[in-house]
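Colleague: Could you take a close look at one part of this model for me, the place where oppositely charged side chains pair, and explain what surrounds it?

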Amino acid sequence: MAATFDTYRAVERLASAGVPPGQAAAHIGVIRDTTKDLVTRDILKGDLGEFKGELYRVLWFQGVGIIAANAAIVTAVVTLAG
(Lines give C-alpha, C1' and ligand atoms only; values in the text may rest on other atoms or scores of the structure.)
Protein backbone atom coordinates (compact mmCIF):
# COMPACT_ATOMS: atom_id res chain seq x y z
CA MET A 1 0.00 0.00 0.00
CA ALA A 2 1.53 3.27 -1.10
CA ALA A 3 1.61 6.27 1.18
CA THR A 4 -0.59 9.15 0.07
CA PHE A 5 -0.17 12.84 0.69
CA ASP A 6 -3.01 15.25 -0.02
CA THR A 7 -1.09 18.22 -1.37
CA TYR A 8 -4.20 20.31 -1.99
CA ARG A 9 -5.33 19.98 1.62
CA ALA A 10 -1.82 20.72 2.90
CA VAL A 11 -1.64 23.93 0.82
CA GLU A 12 -5.06 24.96 2.15
CA ARG A 13 -3.93 24.35 5.75
CA LEU A 14 -0.80 26.44 5.28
CA ALA A 15 -2.74 29.19 3.54
CA SER A 16 -5.32 29.25 6.35
CA ALA A 17 -2.44 29.63 8.82
CA GLY A 18 -1.31 32.77 7.03
CA VAL A 19 1.28 31.44 4.58
CA PRO A 20 0.85 33.07 1.15
CA PRO A 21 -0.62 30.51 -1.31
CA GLY A 22 2.44 30.62 -3.61
CA GLN A 23 4.80 29.90 -0.74
CA ALA A 24 2.50 27.22 0.64
CA ALA A 25 2.45 25.49 -2.75
CA ALA A 26 6.25 25.70 -2.98
CA HIS A 27 6.70 24.20 0.50
CA ILE A 28 4.32 21.36 -0.24
CA GLY A 29 6.04 20.75 -3.58
CA VAL A 30 9.35 20.33 -1.80
CA ILE A 31 7.80 17.97 0.76
CA ARG A 32 6.14 15.94 -2.00
CA ASP A 33 9.39 15.66 -3.98
CA THR A 34 11.45 14.61 -0.97
CA THR A 35 8.95 12.04 0.30
CA LYS A 36 7.89 10.42 -2.98
CA ASP A 37 10.57 7.71 -2.77
CA LEU A 38 10.05 6.79 0.88
CA VAL A 39 9.44 3.15 1.62
CA THR A 40 6.26 2.25 3.45
CA ARG A 41 6.11 -0.42 6.13
CA ASP A 42 4.01 -2.68 3.87
CA ILE A 43 6.52 -2.46 1.02
CA LEU A 44 9.39 -3.14 3.39
CA LYS A 45 7.68 -6.19 4.89
CA GLY A 46 7.02 -7.59 1.41
CA ASP A 47 10.60 -7.05 0.26
CA LEU A 48 12.02 -8.53 3.46
CA GLY A 49 9.79 -11.56 3.10
CA GLU A 50 11.12 -12.21 -0.40
CA PHE A 51 14.70 -11.70 0.80
CA LYS A 52 14.17 -14.06 3.72
CA GLY A 53 12.91 -16.82 1.42
CA GLU A 54 15.86 -16.39 -0.93
CA LEU A 55 18.30 -16.38 2.00
CA TYR A 56 16.87 -19.65 3.36
CA ARG A 57 17.18 -21.24 -0.07
CA VAL A 58 20.82 -20.17 -0.46
CA LEU A 59 21.73 -21.31 3.06
CA TRP A 60 20.08 -24.68 2.46
CA PHE A 61 22.15 -25.22 -0.70
CA GLN A 62 25.32 -24.18 1.13
CA GLY A 63 24.55 -26.63 3.93
CA VAL A 64 24.04 -29.46 1.44
CA GLY A 65 27.32 -28.52 -0.24
CA ILE A 66 29.22 -28.55 3.05
CA ILE A 67 27.78 -31.94 4.00
CA ALA A 68 28.67 -33.37 0.57
CA ALA A 69 32.21 -31.99 0.79
CA ASN A 70 32.68 -33.47 4.27
CA ALA A 71 31.37 -36.84 3.08
CA ALA A 72 33.82 -36.79 0.16
CA ILE A 73 36.73 -35.95 2.50
CA VAL A 74 35.79 -38.71 4.93
CA THR A 75 35.45 -41.20 2.09
CA ALA A 76 38.84 -40.21 0.71
CA VAL A 77 40.52 -40.49 4.12
CA VAL A 78 38.94 -43.90 4.80
CA THR A 79 39.88 -45.17 1.34
CA LEU A 80 43.47 -43.98 1.58
CA ALA A 81 43.88 -45.21 5.16
CA GLY A 82 42.36 -48.62 4.57
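Modeller: A salt bridge here is a side-chain nitrogen of Lys or Arg within 4 Å of a carboxyl oxygen of Asp or Glu. Please keep in mind that this is a predicted model, in which local features need pLDDT of at least 70 and side-chain atom pairs count only at pLDDT 80 or more, while totals for chains, interfaces and linings use all residues. Residues are numbered from 1 along each chain as its sequence is written, and side-chain values use heavy atoms, with hydrogens and water left out.

The structure holds 2 salt bridges, and one of them joins the side chains of Arg32 and Asp33, with N and O 3.6 Å apart. Arg32 counts as partly exposed because its relative accessibility is 42% (buried means under 20% relative accessible area, exposed over 50%, and partly exposed in between, with a 1.4 Å probe and protein chains only). Asp33, also at 42%, is therefore partly exposed as well.

Helix α1 (residues 7-16) and helix α2 (residues 21-35) pack with their axes 9 Å apart and at an angle of about 135 degrees, the helices being DSSP runs of H or I, at least four residues long and numbered from the N terminus, and the axes being lines fitted to C-alpha atoms over the stretch in contact, with angles from 0 to 180 degrees between N-to-C directions. The two helices are therefore oblique to each other, a word for angles that are not under 35 degrees (roughly parallel), over 145 (roughly antiparallel) or 65 to 115 (roughly perpendicular). On the α1 side the contact is made by Thr7, Ala10, Val11, Leu14 and Ala15, and on the α2 side by Pro21, Ala24, Ala25, His27, Ile28 and Arg32, where contact means heavy atoms within 4.5 Å.

For the other pairing, we turn to helix α3 (residues 41-81), where Arg57 and Glu54 both lie, 3 residues apart, or about one turn of the helix. Their closest N and O atoms are 2.7 Å apart in the salt bridge. Arg57 has a relative accessible area of 43% and so counts as partly exposed, and Glu54, with 39%, is partly exposed too.

Between α2 and α3 runs a loop that contains Val39, a residue that is exposed because its relative accessible area is 55%. The C-alpha atom of Val39 is separated by 24 Å from that of Ala25, 14 residues away along the chain.
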